[in-house]
Amino acid sequence: MQLKFSFLYLLIIASLFGGCSKRAAVLDLNDVRMFNPESADQILFLEFRVSQPEKGSLEQISLVSSVSGTGKLKNLRRPVEYPYRIQVVPRYRTSAFEVPMIFEHPLFREVEVPDPSGTITRKKQFASEGSFTMRMQADPNIEKLDFYSLKPGQQPVKIYTLNLKQ
Amino acid sequence: MKRTFTTLLFTLLLSRVFGQTFPVDTLYKSGPVDNRINVVILGDGFTKEQLPKFNEEARKFAEFFLDYAPYNKYRNYFNFFSIPTPSEESGVTNPGTAPDAYPDQPVTQKKTFYGGTFGSSIHRLVTVNYGVAFNVLAANFPTYDLTVMLVNTEFYGGSGGSIAVHTLNQSANTIGAHEIGHTFAALNDEYWAGPQYGREAPNMTAVTDRSRVKWKNWLDIPGIGIYKHGEDGPAATWHKPSNATCLMEYLNQQFCVVCREATTETILSLVNPVEKIEPGNASEYLVTEPAKFRLGLLKPAPNSLHVEWDLDGKKIAAGVDEITLAPSDLPATGKLTASVFDSTHMSRSEELAEQRVRKIEWNLKSNSPAILKINASDDSLCVGGFVTLTASGCPGEVSWSTDDTANSIRIQPDKTASYTASCVATDQKASITITVLPLPVIEVTNNGPYLEGSTVVLNATGASNYTWKGPREFTATGAEITIPLAIKEHSGKYSVKGTDVYGCSASAETELLVERLLAVGNDPEEWVRVSPNPASDFIKVATNISGKSTLTLLDLSGKIIRTKTFTRETELKLPVQAGVYLYKVTNGEREFSGKLAVQ
């Protein structure tokens, strides 16, 4: 029974997003849903699934969906303060300033909990599986995206690379 | 097995909405998406039949947001859209397992579009499936700037993150406003969330020096200070601008002025107030006849945009959205610059003020013959002012009646006079008369000294408009100013700037004295006694202090009625009407005041 579900899952993933693996994958932008190569301003939405099979082990990450839209992003990004983070560094084919993008780590989060009295508290939410979506301006000069896991008191650890093809 | 199954469900849920398009409803549109801040509202737990209700709730949130300071000053800098997505079932899942679960809320599992649910361990933590939400946004409104998710239940709850999630409960709207504060202006929490959140932010700092702290310009506002987050540990090293009076600390508060400043600066960095220019400036513009140069401005309410027009670096107009230039106004070629500056009071940042200036330039060419002309930055000015005279239409050197030789001179005339420019190359001359206006003579009085509790009256004459400044951040406008229920701390220098009908200004000062009103006591050891009280036609005043004492009788407005100097004991006739009066007895440093009833 378990084998059947695993096989079905892998089949769906493979059929939707062929080419993904645990540590590196290739995304052909022409395969991204609604991607318009004729449009100069494209926005990519990349949905990643992150899991940690064992406590303390390296996170496993995979691309589970990709959608594109037309337009230009304004420079507006929510700051991530909690020390557990996913950092994505765009690597360019040409010389360019690599500005890392920081995302909330889906497995190690602290969420704000509101109260009708007006007070707010924070609550840790640890999970072994989760997902996050990154939104970025498409740039044909980006060769790949390197993903790092940032944890307090530890050096950044590279956990995944997504090579971009167009 | 369980994990695999969860993963499969997750994947299936995502693939169901993958790239799915929905109608995008416009709730409030003030302008083009690329020059506005676009807020997209999503809804969970609304069935197909309930989608009109969702749009109504989304509209209500948009109105709440646009009425919230400082967004209310910049309503037309925002667009609001909603994306209705029908849920199979109405409402939200309630696992009912959290200790703080609402006893009157039914435990239920709902099939909703975004899988919204109350928390299983913290009940009011309402979450949705972010992956589904991002897929809807990607396919339907990829350029959104802010997103809010409304969950269809009246029970209170919500959560933070890149999508602000909250329910329809009346108190829940501020969850969205607080979360947008994080996302939009990078504001930090003003409640102590733990050392991991200590960072330099617009509303958080480790700096305690009042002259260097980033909100130093706001320290004169009541309630704004440099407050420690806690008394010990890391909390004591981080500081906030307000103490329990900001939305970033309590959801039942408004933004403090420091958070408003950061929010306002973010709005102004994202939206260009110059929406349109006429004519275009892509190429050189040939002025063959009087031509209008016009700015289409996106004005806040109230309008805080200030426009200044310069021709070749010399100011030619201000405060208007359009000007007209004739060929004869121009040299053969010139550069026209319009500078648009938002002088909003919501920000006091000197550094960011420079970034708020937007400049538009036109390269101009005139087909007029070279006629020598003089342009003055002002043709009339007040004594002490400067004016710049600029000659145009001369192909070479210009000499002036002031013995200067330059295209442009800056003068400070002390009386009305004419100035002549001579073009050496063409032997043309041109003259201009500059009118010098006298300054107003301002006189100011205060009718003091006053006793505490009385009404202070400050009067100024000599001009038509007056601006007052004084102790305790006192500001006022008008010729006559009253300060009711004066206290000793109102004492000090009050300055008034008077401006006459010609715009000339001068200042004057007055020293106001408000004296402490001491309580009347029955202690026989007191050094002064006044009797009878109530009195009818006289009072007797006795003191056990040697030396000269002064008795002063005042009415309740602080006006002195009688003064008498005496030693040890005196009587004072009361030629006054019945009522309550004030008396004051002074002896050296000692002072005693009280109320006197006259029958």
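In chain B of this predicted model, the strands S9, S11 and S14 form an open sheet in the order S9-S11-S14, with antiparallel pairing; strands here are DSSP runs (E, at least two residues; helices are H or I, at least four), numbered from the N terminus, and two strands count as paired if DSSP finds at least two bridges between them. Because strand S9 (274–278) and strand S14 (322–325) of chain B each have a single partner strand, they stand at the edges, and one side of each is left without a neighbour in the sheet. Neighbouring strands of this sheet are turned against each other by 10° on average, direction ignored, the axes being lines fitted to C-alpha atoms and angles running from 0 to 180 degrees between N-to-C directions. Between S9(B) and strand S11 (residues 291–297) of chain B, the antiparallel pairing extends over 4 bridges, and B:Val274 has B:Leu297 in S11(B) as its bridge partner.

The largest nonpolar core holds 100 residues, of which B:Val40, B:Ile41, B:Ala133, B:Met149, B:Leu150 and B:Cys259 touch the most other members. Such a core is a set of buried Ala, Val, Leu, Ile, Met, Phe, Trp, Tyr and Cys residues joined through C-beta atoms within 7 Å, where buried denotes 20 or more other C-beta atoms within 10 Å of the residue's own, with C-beta atoms placed from the backbone. Helix H3 (residues 130–140) of chain B supplies the largest share of this core, 8 residues, and at least three residues come from each of domain 1 (19–184) and domain 2 (190–271) of chain B, the bounds of which derive from an automatic or database domain assignment. Residues up to four places away in sequence being left out, B:Leu150 touches B:Ile41, B:Gly43, B:Phe54, B:Glu57, B:Ala58, B:Phe61, B:His166 and B:Leu168, contact being defined by C-beta atoms, placed from the backbone, within 7 Å.

For chain A, the secondary structure comprises 1 helix and 10 strands, and buried residues make up 31% of its 166 residues. Of the contacts in chain A with a separation of 6 or more, 59% join residues 24 or more positions apart.

The model scores ipTM 0.85 and pTM 0.69. Where pLDDT is low, the predicted coordinates should not be read in detail.

Residues are numbered from 1 along each chain as its sequence is written, while chains are lettered from A and ligands numbered from 1 in the order in which they are written. In this predicted model, local features need pLDDT of at least 70 and side-chain atom pairs count only at pLDDT 80 or more, whereas totals for chains, interfaces and linings use all residues.

How values were computed. A residue is buried if 20 or more other C-beta atoms lie within 10 Å of its own, exposed if 12 or fewer, and partly exposed in between; C-beta atoms are placed from the backbone. Two residues are in contact if their C-beta atoms, placed from the backbone, lie within 7 Å.
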